[in-house]
Every structure is written in C-alpha cells, then in structure tokens.
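Please read it alongside the sequence and the coordinates.

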Amino acid sequence: MFSRRFLLVSSLAAAAISTGAWTQSAEAAPRDKAFFQSISGTWSGPGEIVAGKYKGTKFTCNLTGKPSDGSSAGVKLDGTCRVGVFQQPMSAEITQNGGSYSGKFLDGAAGKGLDVTSGTVNDNTVVLGLIRQKLNGAMIARVADNKSMNVTISVKVGEQMVPVIGVTLKRADVDQMAVGSIQ
C-alpha cells in the first residue's frame, strides 16, 4: 500500500496535470526554449499532498533538469523523491511537439507514470496537461526567480480542478551558476 501511494506521489511530484489543446505562435518558440533553459540545474525541496486519501503526506525531491537536445523546447528531468526512508527514482521528458508539448513522467501512462498530453509556457510559468487512465489534471510550475520554483498539481474532479500536491523547490546550484555566468 505504501509503495502505491509513494509511486503516485512521486509520479505527480516529479513534474507533475488540464488536458486540452493550447496553440503556440512562432514567436513563442524562443520564449519557451528560454524558459526550459532557465530550469536547467539542480533543484531540491519539500512537497506535500494537500488533498485526498493521503493528505498530509510529506516528501522531499532532488531533481536535475537539462534542456532537451536539438532545436525544440523542452526538458529532461532526473532525480529522486523520498518519503521517510523510502526513495523513488524520478524521470521526465517533455518536448515541444508542434504547437504544444508531449512526453512522459517515469515510464508514461502505459507503465507506472503519466503522459504529457499538452502544454504551454507563459512568462515564468509552464502548464502541462497530464493523463493516466481516467485521471486528468494539470501541473503548473512557476519560476519565481532563478533560485526558486513552485509546482502545483491539480486533478479534475467533475468539472472542477482540485489542487492535490504542492512542491517548493530551491535551486541547489545557484553559486555554480553565478560563477559560470561570470566566466
């Protein structure tokens, strides 16, 4: 039972859900690529399930993001999330696909993870549509500055989006970034 709960938490936390199609203009491509480059690096921080059966469960994630290879905007994410002494590997790959985004968390909805079905980037925020079987929702990641990112994951219940997970990540490699930018 714990492992199923932890797997759900870590699948959602690693990247984390409103399905639908968003359009993207040609001018948005450089902005999207810049956003995903801005989240490159090492991030860590706490999270909590804020609604549902496992409300109150706290966890910690350590993640490293790298921009997608090639000309498309996107990110590859690897790391771990931990509940107590139990640790779960995390991975995600999100890639620009035409005017939207696609990808997967962990091994995708066909396995134990989630599929990215859509997405959009506006200013310092990305919204991704995620799906797993009958579960639909949205992950919203906001980069407040180059040192912090807040992730909220909501699921669709009826016609309403209900926040279920919140994660606050701090950049663990800020000093390295500052030195690298000077060189």
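In which strand is Gln87 found? Gln87 is found in strand E4, where strands (E, at least two residues) and helices (H or I, at least four residues) are DSSP runs numbered from the N terminus. The model is predicted, so local features need pLDDT of at least 70 and side-chain atom pairs count only at pLDDT 80 or more, while totals for chains, interfaces and linings use all residues. Residues are numbered from 1 along each chain as its sequence is written, and side-chain values use heavy atoms, with hydrogens and water left out.

**Overall composition**

- The protein contains three helices and 10 strands.
- Read from the N terminus, the order of elements is α-α-β-β-β-β-β-β-β-β-β-β-α.
- The protein has 183 residues, of which 40% count as buried; buried means under 20% relative accessible area, exposed over 50%, and partly exposed in between (1.4 Å probe, protein chains only).

**Barrel**

- The 10 strands close into a barrel with antiparallel pairing, in the order E1-E2-E3-E4-E5-E6-E7-E8-E9-E10; two strands pair if DSSP finds at least two bridges between them.
- On average, neighbouring strands of this sheet are turned by 25 degrees against each other, direction ignored; axes are lines fitted to C-alpha atoms.
- Strands of a sheet pair through backbone hydrogen bonds, either parallel or antiparallel.

**Pairing of E1**

- Strand E1 (residues 41-49) runs antiparallel to strand E2 (residues 58-67), joined by eight bridges.
- E1 is also joined to strand E10 (residues 160-171) by five bridges, again antiparallel.
- Trp43 has a bridge partner on each of these strands: Leu63 in E2 and Arg171 in E10.

**Pairing of E3 and E4**

- Strand E3 (residues 74-83) pairs with strand E4 (residues 86-97) in the antiparallel sense, over 10 bridges.
- Within this pair, Leu77 has Ala92 of E4 as its bridge partner.

**Surroundings of Gln87**

- Gln87 counts as partly exposed because its relative accessibility is 44%.
- The side chains of Gln87 and Arg82 are joined by a polar contact of 2.6 Å, a polar contact being a pair of N or O atoms within 3.5 Å; within protein, one must be able to donate a hydrogen and the other to accept it, and residues adjacent in sequence count only if both atoms are side-chain atoms.
- Thr60 lies 27 residues from Gln87 in sequence and 9.3 Å from Gln87 in space, C-alpha to C-alpha.

Terms used
Axes fitted to C-alpha atoms, helices over the stretch in contact; angles between N-to-C directions.
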